[in-house]
Amino acid sequence: MTPRENGSEQEPVIRDNRKIDPETLEARETAPEETSPADTAALGGVAAEMLAERTADLQRLQAEYANYRKRVERDRTVVREHAVASALTELLPVLDDIGRARDHGELTGGFAKVSESLEAAVGKLGLTTFGVKGDPFDPTVHEALIHSYSPEVTEPTCVEILQPGYRIGERILRPARVAVAEPEEGGEVTTPPAAADVPADEVVTGGDLLDDEPEKD
């Protein structure tokens with residue numbers, strides 16, 4: 001029985017979905033599947049969301065890496081400063097000897113050149129001295145070894161530098177050892193005038209006080 005005899009005029013449609021052409025044995029080109037606008041919008045939203053997530057991850061990683069680099073640089077600087085400070089601390093007694101020799105006029109000849117080279121080298125490493133006669137006494141940077149009173153000062157003052165202080169930047173390697181003078185205790189004492197210096201009519205005696213008292217009933 002034919003389809004017409006069966007009451008159906010539409011013949012069956014046969015589609016060849018084989019990916020390889022049986023005659024040429026070559027791969028067939030497949031047409032891209034069509035997508036609806038709704039599917040396209042959904043795919044675009046998913047892609048935008050994934051892009052935002054990846055961008056946020058990348059920014060977070062960049063911030064963490066930047067913080068890591070800063071922390072490493074800071075730690076490296078601290079270690080370097082500590083090592084330099086430890087080495088310079090061991091040289092302070094040598095610098096004290098050079099200073100005493102200079103004060104006594106014994107820093108001459110080759111020894112003078114060596115001392116100048118040493119002082120220049122430690123200066124390049126950031127070592128500086130502080131403590132000058134006449135500076136106000138500051139317990140955070142001065143160490144008082146001698147204490148006295150003087151009428152020539154109005155506040156605690158360093159009147160003598162026994163050993164200079166040394167620092168690297170804001171770090172104190174050794175405080176300046178000084179002699180400190182403070183203003184003399186007390187001020188001018190005012191002495192009351194003697195009775196002989198007071199006019200006789202202004203002298204008040206005990207009897208006068210008794211006579212001036214009112215009589216009691």
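Guide: The model is predicted, so local features need pLDDT of at least 70 and side-chain atom pairs count only at pLDDT 80 or more, while totals for chains, interfaces and linings use all residues. Residues are numbered from 1 along each chain as its sequence is written, and side-chain values use heavy atoms, with hydrogens and water left out.

Visitor: Which strand does S1 pair with, and in what sense?

Guide: Strand S1 (residues 127–130) pairs with strand S4 (residues 165–168) in the antiparallel sense over four bridges, and Phe-130 stands opposite Gly-165 in S4. Two strands are taken to pair if DSSP finds at least two bridges between them.

Visitor: OK, and how many bridges join S4 to S5?

Guide: Three bridges join these strands, S4 and S5, which run antiparallel, and Arg-167 stands opposite Ile-172 in S5. Their hairpin has two residues between the strands, and Gly-169 takes a positive phi near 65 degrees there.

Visitor: Where is Arg-174, then?

Guide: Arg-174 is found in strand S5, which covers residues 171–174.

Visitor: Buried or exposed, and why?

Guide: Arg-174 counts as buried because its relative accessibility is 9%; buried means under 20% relative accessible area, exposed over 50%, and partly exposed in between (1.4 Å probe, protein chains only).

Visitor: What is Arg-174 in contact with?

Guide: Leaving aside its neighbours within four places in sequence, Arg-174 is in contact (heavy atoms within 4.5 Å) with Leu-92, Asp-96, Phe-130, Gln-163, Pro-164, Gly-165 and Tyr-166. As for Pro-164, its backbone oxygen lies 2.8 Å from a polar atom of the side chain of Arg-174.

Visitor: Switching topic, which residues form a nonpolar patch on the surface?

Guide: Leu-145, Ile-146 and Leu-162 form that patch, with about 260 Å² of accessible area together. Ile-146 is found in strand S2 (residues 142–150), and it counts as partly exposed because its relative accessibility is 45%.

Visitor: And the protein overall, what does its accessible surface come to?

Guide: The accessible surface comes to about 18,000 Å², of which 54% belongs to carbon and sulfur atoms; accessible areas come from the Shrake-Rupley method with a 1.4 Å probe, and for residues only the protein chains shown count as cover. Of the 217 residues of the protein, 14% count as buried.

Notes: Patch = residues over 30% accessible without salt bridge, like charges linked within 9 Å, V, L, I, M, F, W, Y side chains within 5 Å. Salt bridge = Lys/Arg side-chain N within 4 Å of Asp/Glu carboxyl O. Polar contact = N/O pair within 3.5 Å; in protein donor to acceptor, adjacent residues only side chain to side chain.
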